[in-house]
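Reader: I have a model open and want to go through some local geometry and packing. Can you take my questions as they come?

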Amino acid sequence: GQGQGQGQGQGQGQGQGQGQGQGQGQGQVQGQERELAAERHAAFVRLFEGTPWDPLPSAAPRVMREIDYNWLSEHLRINIVLWRLLVLKLLGRLEERDCRGVADWVLACQQPCGGFGGNVDHDAHLLYTFSAIQVLCILDCLGKIDTDKVARFVAGLQQEDGSFFGDLWGEVDTRFSYLAVACLSLLGKLDYINKKKAVAFVMKCHNTDGGFGAVPDAESHAGQVFCCISALSILQAVDVKGLNKDKLGWWLAERQVFPGGGPNGRPDKLADACYCWWVLAPLRILEKLQWIDTRAVANYILDCQKESGGIADRPEEMVDLYHTYHGLAGLSLLGTRYNVAAMDPVYQLPVDVVNRVFSKSTSNNAIMGRVELTDTINKCELATQTENNCEIAYKHNMARMFSIRKNGNLDEEALSTTTTLLETNPNFYVAFNYRREILLHMRTTNGAAYKLNMEKELSISEKCIANGCKFYWVWHHRRWLAVQLQGTMNWVHELDLCSKLLDFDPRNFHCWIYRRTMLKLAGHAFTDELLFTEKMVKQDPTNYSAWHQRSFLLPLAYTCTSELLVALGKELDLVQSVRSAEPTNQSSWLYYRWLTETILLCTKQAEQGGVAQRLSASPTKILKTELQKLCYLKPGKWVLLTCVHLRLLLLAVGEVVERTAVTADLQRLAQLDPPHALYYTFLLQYAAN
């Protein structure tokens, strides 16, 4: 399985896909292995047999309605069809009856622009276009579509900076970079885009902690790491300048949470079965899967099984189709002993499907890259009668919306209809798209109505955020409103809105991204924002989002190198003061790493600018002082690991370092933290050289 993502020839690419899907060394082994309830998982999926137009039979248990196939998931229908097919395919139980009529339904989801919507008549989007391509690949039906038309739709979403819009409404996200290049690669049409610029944008989203964010300056997230490293793999750019694969591999390895052994998506968060895919797949691409305890990951997935079938995000939670698929996909990367079909870690498709697609392609582009979707479907908790009434009203309003939209209605009535829909389901992206069409039409035809309705739209948007604060669509719509109203927007209110939401959920990365956007648009004083984030980290030292915000703010607030160095020195004191409350939390230690690396960077910048002699303190002296402080602390994992980090930093700039101390600390770490023992072995070899 060597060299996945290099794409050196069709035959070699296929061989690499097989190797990556089925082999590679496992990490440290702990605990008793569980058994996979394959038959029960297949039965769980088949509870929802039926046509793709109405996949939920009336006989399905009520609990199943609440988890996956309820009426609020109409806009996700194509994802649901895909996950169902993939579960059966992974379990080796996909039959002709499971595929009957699916391809024709997928074709009915295609829009005139060439892209696919989440359901019939729903607007085209990259999210659903890639899902459609995946379904057609599984069914061996790619030949039924005009691939040039689809490729033109995808390529038309690339922007001058190399990023991609998700659709015509302008949301940018590294998810879309991945979806675009993966889609075009499977279609053999990568030459439709500017690959060099696509790589450049992805690298702009690379963070100093090793991970990747959704946009530049956004905090690292395992889902975004998967998207970015997979996109780079397809574009043959895993070795691009600036990408530290070892640091990224370490960041991913630290996502594993003990006790339990499951991975999380960000530091100091709970484990979740879906990250068994989002974390393991990039580790597989990087060939660093041995840096984690893979048996513990497998057992975590198997502990999330239920007797009735299906896999939950955590053992104590309810099962759903999303986590059932991603749990099984994660197992597929851990070898053949679980009898799960091998998955390609880049394309999110079974290896045999990807091999078949590429064996049919005549394009050299096709073989490149061989190596919060919403986190769960809405779980409705309404009483049966209330739910039935809501469902009837919702479906009636949705049908009415599609009807008046086809008739070209762009008036107050149309706004009222979509308002009712969004009050029930703030995750319905088509309703937001239609509202923007109506509002832009009013701007050119009735200025007074436009002004009045835009003011109302802010209020409606706030209600949608309150009801769905983790939905991508509601935040994109709010950003769109802020840009449209930039001259009259109440920025103080927007920041207050973010503050209230972050009081409720301090780790909501959607809100943090929006807050950064507002700071830039409003020209807000960065020093004021530093006070806000200081309050947040003092309230909760494990708030990685707030620490990341400080790393974004400090270089903007202090543009003079000497002033920045003074500020960074004060940050070291802040970290020390809050870390004493929770000395084992990852977030403050990761931020401390950023501080020490940035202090050394100040040295280089000062030397290049000829002002090194003006610095109030030598950066290397600061690091040596910090190292001495750490030596007085109890030698736990993060203390020892940070001592190693500081010594390696000093060694890199030519300082004399006691190498035996590095060796001793790493040997002690291997004893304290056996799941990551092979990572520490790697560091020993690195330090020796």
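Reader: Where is P259 found?
Author: P259 is found in the loop between α12 (245-253) and α13 (275-278). Helices here are DSSP runs of H or I with at least four residues, strands are E runs of at least two, and both are numbered from the N terminus. This is a predicted model, in which local features need pLDDT of at least 70 and side-chain atom pairs count only at pLDDT 80 or more, while totals for chains, interfaces and linings use all residues. Residues are numbered from 1 along each chain as its sequence is written, and side-chain values use heavy atoms, with hydrogens and water left out.

Reader: What joins F258 and P259?
Author: A cis peptide bond, with omega about 0 degrees. Most residues other than glycine have a negative phi, and most peptide bonds are trans.

Reader: Which phi does D217 have, and where does D217 lie?
Author: The phi of D217 is near 80 degrees, a positive value in a residue other than glycine. D217 lies in the loop between α10 and α11 (222-234). At 31% relative accessibility, D217 counts as partly exposed; buried means under 20% relative accessible area, exposed over 50%, and partly exposed in between, with a 1.4 Å probe and protein chains only.

Reader: And what about phi at E287?
Author: E287 is not a glycine, yet its phi is positive, about 60 degrees. E287 sits in the loop between α14 (280-286) and α15 (294-303). With a relative accessible area of 23%, E287 is partly exposed.

Reader: Changing topic. How many salt bridges does a search of the whole structure find?
Author: The search finds 39. A salt bridge here is a side-chain nitrogen of Lys or Arg within 4 Å of a carboxyl oxygen of Asp or Glu.

Reader: Which residue does E160 form a salt bridge with?
Author: K197, with the closest N and O atoms 2.5 Å apart. E160 lies in the loop between α8 (147-155) and α9 (174-187) and K197 in helix α10 (residues 195-204), so this pair ties together parts that are 37 residues apart in sequence.

Reader: Is E160 buried or exposed?
Author: E160 counts as exposed, at 65% relative accessibility. K197 is partly exposed at 29%.

Reader: What about E171 and R479, buried or exposed?
Author: Both are buried. E171 forms a salt bridge with R479, and their closest N and O atoms are 3.9 Å apart.

Reader: Which residues are linked in a network of salt bridges?
Author: R46, R84, E95, R97 and D98.

Reader: Which side chain does K637 meet in a salt bridge?
Author: That of E254, at 2.9 Å from N to O. E254 counts as buried, at 3% relative accessibility.

Reader: K637 is in α30. At what angle do α30 and α32 pack?
Author: Helix α30 (residues 637-652) and helix α32 (residues 677-688) pack at about 25 degrees, their axes 12 Å apart. That makes α30 roughly parallel to α32. Axes are lines fitted to C-alpha atoms, for helices over the stretch in contact, and angles run from 0 to 180 degrees between N-to-C directions. Angles under 35 degrees count as roughly parallel, over 145 as roughly antiparallel, 65 to 115 as roughly perpendicular and the rest as oblique.

Reader: Which residues meet there?
Author: K637, L641 and L648 in α30 meet Y680, L683, Y686 and A687 in α32, contact meaning heavy atoms within 4.5 Å. These residues divide into 6 nonpolar, no polar and 1 charged. Ala, Val, Leu, Ile, Met, Phe, Trp, Tyr, Cys and Pro count as nonpolar, Asp, Glu, Lys and Arg as charged, and the others, Gly among them, as polar.

Reader: What does L672 touch?
Author: Not counting residues up to four places away in sequence, L672 touches P635, G636, K637 and L640. L672 and P635 are 37 residues apart in sequence and 9.9 Å apart in space, C-alpha to C-alpha. L672 is in helix α31 (residues 659-672).

Reader: Last one: at what angle do α20 and α21 cross?
Author: Helix α20 (residues 429-445) and helix α21 (residues 447-467) cross at roughly 155 degrees, and their axes come within 7 Å. That makes α20 roughly antiparallel to α21. By class, their contact has 8 nonpolar, 3 polar and 3 charged residues.
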